[in-house]
Amino acid sequence: MTSETLALSRVAAISRLKSHFDQKKWSLRELFATDPQRADKFSCMAAGIDLDYSKNHLNEDTLQLLLDYAEEQNLSNQISALLCGANVNNTEHRPALHTALRFQGQPQTEHQRAVEDCRVQMKRFAESVHNHSWRGFSDKPIRHIVNIGIGGSDLGPRMVVEALRPWHKDSIRVHFVANVDGADLSDTLADLDAEETLFIVASKSFSTLETRENALSARRWILSAGCSESQLAQHFVAVSSNITAAQDFGIAPENIFPMWNWVGGRYSLWSAIGLPIVLACGYEVFAQLLQGANAMDQHFASAPLESNLPALMALTQFWYRQCWNTTSQVVLPYAQRLARFPAWLQQLDMESLGKSVDKDGQTLGYPSGSVIWGSEGTNGQHSFHQLLHQGTELIPADFIAIKEPTSELHEQHRWLQACCISQSQALLRGKSLHEARQELEEAGHTHREAHALAPHKVIPGNRPSNTLILGKLDSFHLGSLLALYEHKVYVGGCLLGINPFDQWGVELGKQLSSKIHKAAKGEIPQDWDSSTRSLVKKLF
Ligand code: F6P
């Protein structure tokens with residue numbers, strides 16, 4: 001098949017799905033009323049995660065059509081291609097082997113051997129910090145770690161460190177600085193003692209503006225506290241695939257942890273980019289994170305598509321995006337410690353699926369990635385949930401619940417669970433005009449008042465959601481959850497026919513920011529638009 005016919009065949013297949021959509025009046029209430037076993041039928045469990053996807057607009061026929069579409073796209077082969085290290089990142093001619101970062105057992109491949117060496121290096125380094133054999137320039141032990149990185153070199157480790165708070169070591173505090181806004185770095189350093197602070201410069205490319213500027217400022221800060229140039233090595237380590245640039249910055253070669261071009265930034269928390277996790281919680285906790293992810297990898301590799309969690313989640317998202325015209329997807333972790341999960345997922349999903357051409361460069365004849373957003377429950381309930389319930393958009397939701405309490409306050413945990421379940425139930429059921437009127441009359445309103453007020457109280461309902469349950473918020477379950485979403489996004493890319501591993505879209509802004517930074521000091525080019533010219537004059 002030529003690339004044009006392949007692109008057209010996807011459009012044709014999607015239009016078959018659309019005719020299935022057109023044939024039916026979709027009612028979640030009805031789907032549940034007609035099938036008491038629905039929750040059991042549309043639930044799956046793998047690697048410590050229980051997925052209930054029954055509150056979706058799906059019946060057996062829908063699922064079959066989606067699975068047929070997946071097979072037409074050779075999804076099973078594409079999954080194997082990812083896992084065996086084929087060049088799935090076709091525009092950059094390389095594999096995406098983040099799954100090799102969480103291999104278990106003895107290393108078998110060249111990639112796994114490199115990973116094993118890196119694990120040993122991470123473990124030794126963290127031990128030397130924890131047992132205080134690693135010391136700062138004035139011989140004080142290290143008590144503060146500041147990770148300087150952005151995007152994939154920040155969001156993953158930052159989220160995991162926050163999620164695993166009960167496992168934090170007392171002797172060490174881990175901080176994260178990402179923004180080029182100097183307030184980020186200076187606010188973080190304000191409370192720290194330079195003599196006890198170690199920086200991790202985390203940058204795969206070692207050329208990212210934000211990381212470079214923050215790292216340079218951090219170096220000046222340490223030097224101004226009395227550290228000599230030759231003692232800098234005691235306060236800086238790096239994680240990068242650009243060894244030369246890291247060395248040029250002044251980082252000792254033995255303090256550079258490797259990164260490889262076969263790992264994408266947004267998939268890198270399992271590599272030495274996860275060093276802050278090891279420092280905050282100890283290597284064993286990190287190892288369990290890898291085990292959890294590996295358990296999900298095994299499931300992804302072997303489960304048939306009809307019971308494959310990442311595939312099912314991607315197929316439902318595809319169904320809504322293509323046939324229901326949804327434009328966004330909300331993720332609602334009902335766990336305070338997962339407050340940073342939506343931000344991590346935003347990069348993973350939107351940087352991967354925000355594309356307009358397929359793998360062969362053909363313009364897509366259908367929409368691609370959705371806007372991903374959300375926040376921790378229950379906070380969102382008192383903010384944007386209003387729009388989820390009564391707004392005009394249909395926004396599919398992923399609820400994430402944790403079975404075991406995450407604090408000593410067990411009664412509050414019961415409330416948290418009740419709120420989580422009630423939100424998905426409310427989205428499903430809604431409230432009809434009749435129910436709204438009845439409720440108002442029962443509350444003592446006159447018939448006339450009830451009629452006037454009722455339309456404002458109508459909640460359309462019929463709004464879909466998944467609920468994922470983790471047995472516990474520990475590193476194993478967290479690893480499994482993150483791998484689940486990584487694979488979901490990969491499947492999303494396969495269904496769309498795009499390359500989910502490049503991100504050329506972020507380059508233009510980077511190029512222009514350098515030009516603007518330069519122009520601010522000199523001549524503003526005449527051929528720039530008047531708004532840009534005027535903003536440069538006003539802001540600099
Ligand atoms: O600008 C986007 C991006 O390239 C991400 O993909 C990446 O995670 C982030 O920047 C940071 O890149 P690096 O680790 O090379 O500094």
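Begin by selecting Ser-203, which sits in the loop between strand S5 (197-202) and helix H9. Setting aside residues up to four places away in sequence, Ser-203 touches Ser-153, Thr-208, Thr-211, Val-239, Ser-240 and Ser-241, where contact means heavy atoms within 4.5 Å. Ser-203 is buried, its relative accessible area being 3%; buried stands for under 20% relative accessible area, exposed for over 50% and partly exposed for the range in between, with a 1.4 Å probe and protein chains only. Helices (H or I, at least four residues) and strands (E, at least two) are DSSP runs, numbered from the N terminus.

The model is predicted, so local features need pLDDT of at least 70 and side-chain atom pairs count only at pLDDT 80 or more, while totals for chains, interfaces and linings use all residues. Residues are numbered from 1 along each chain as its sequence is written, and side-chain values use heavy atoms, with hydrogens and water left out.

Next, select strand S3, residues 144-148, of which 5 of 5 are buried. Both faces of S3 are covered: His-144, Val-146 and Ile-148 are buried on one side, and Ile-145 and Asn-147 on the other. In a regular strand the side chains alternate between the two faces of the sheet.

S3 and S4 pair in the parallel sense over 5 bridges; two strands pair if DSSP finds at least two bridges between them. Within this pair, Asn-147 stands opposite Phe-176 in S4.

**The second largest pocket**

On a 1 Å grid over the protein atoms alone, a pocket is an open set of points with protein on both sides within 12 Å along at least five of seven lines, a cavity is a set where a 1.4 Å probe fits but cannot get out, and lining residues have an atom within 4 Å of a point. Grid points are joined across faces, edges and corners, and a volume is the space filled by probe spheres set on the points.

Of the 15 residues lining the second largest pocket, Val-161, Glu-162, Arg-165, His-168 and Val-174 lie nearest its centre. Helix H7 (155-163) and strand S4 (173-177) each supply at least two residues of this lining, and the largest share, 4 residues, comes from S4. The lining divides into 5 nonpolar, 3 polar and 7 charged residues. In this grouping Ala, Val, Leu, Ile, Met, Phe, Trp, Tyr, Cys and Pro count as nonpolar, Asp, Glu, Lys and Arg as charged, and the others, Gly among them, as polar.

**The largest pocket**

Now select Ser-205, Thr-208, Val-506, Glu-507 and Lys-510, which lie nearest the centre of the largest pocket among its 44 lining residues. The space in this pocket is about 1200 Å³. Helix H9 (209-224), H14 and helix H20 (507-519) each supply at least two lining residues. Which element gives the largest share of the lining? That element is H20, with 6 residues. By type, the lining holds 14 nonpolar, 20 polar and 10 charged residues.

**The six-stranded sheet**

Then display the open sheet of 6 strands, whose order is S1-S2-S11-S10-S8-S9 with mixed pairing. Strand S1 (43-46) and strand S9 (371-374) stand at the edges with a single partner strand each, so one side of each is left without a neighbour in the sheet. Strand S2 (residues 49-52) pairs with strand S11 (residues 465-470) in the antiparallel sense over 4 bridges. In S11, Leu-470 is the bridge partner of Ile-49.

Helix H13 (residues 309-323) packs on this sheet, touching S1, S2, strand S8 (328-333), S9, strand S10 (397-402) and S11. Helix H14 (residues 341-353) lies across S8, S9 and S10.

Finish with the cavities, of which 4 have 30 Å³ or more. The largest cavity holds about 120 Å³ of space, and Ala-314, Gln-317, Phe-318, Leu-353 and Gly-492 lie nearest its centre among 15 lining residues. H13, H14 and helix H19 (475-496) are the elements that give two or more residues to this lining.

The second largest cavity has a volume of about 70 Å³. To find it, select Thr-316, Gln-329, Pro-396, Asp-398 and Asn-466, which lie nearest its centre. H13 gives the most to the lining of this cavity, with 4 residues.

Definitions and conventions: Axes fitted to C-alpha atoms, helices over the stretch in contact; angles between N-to-C directions.
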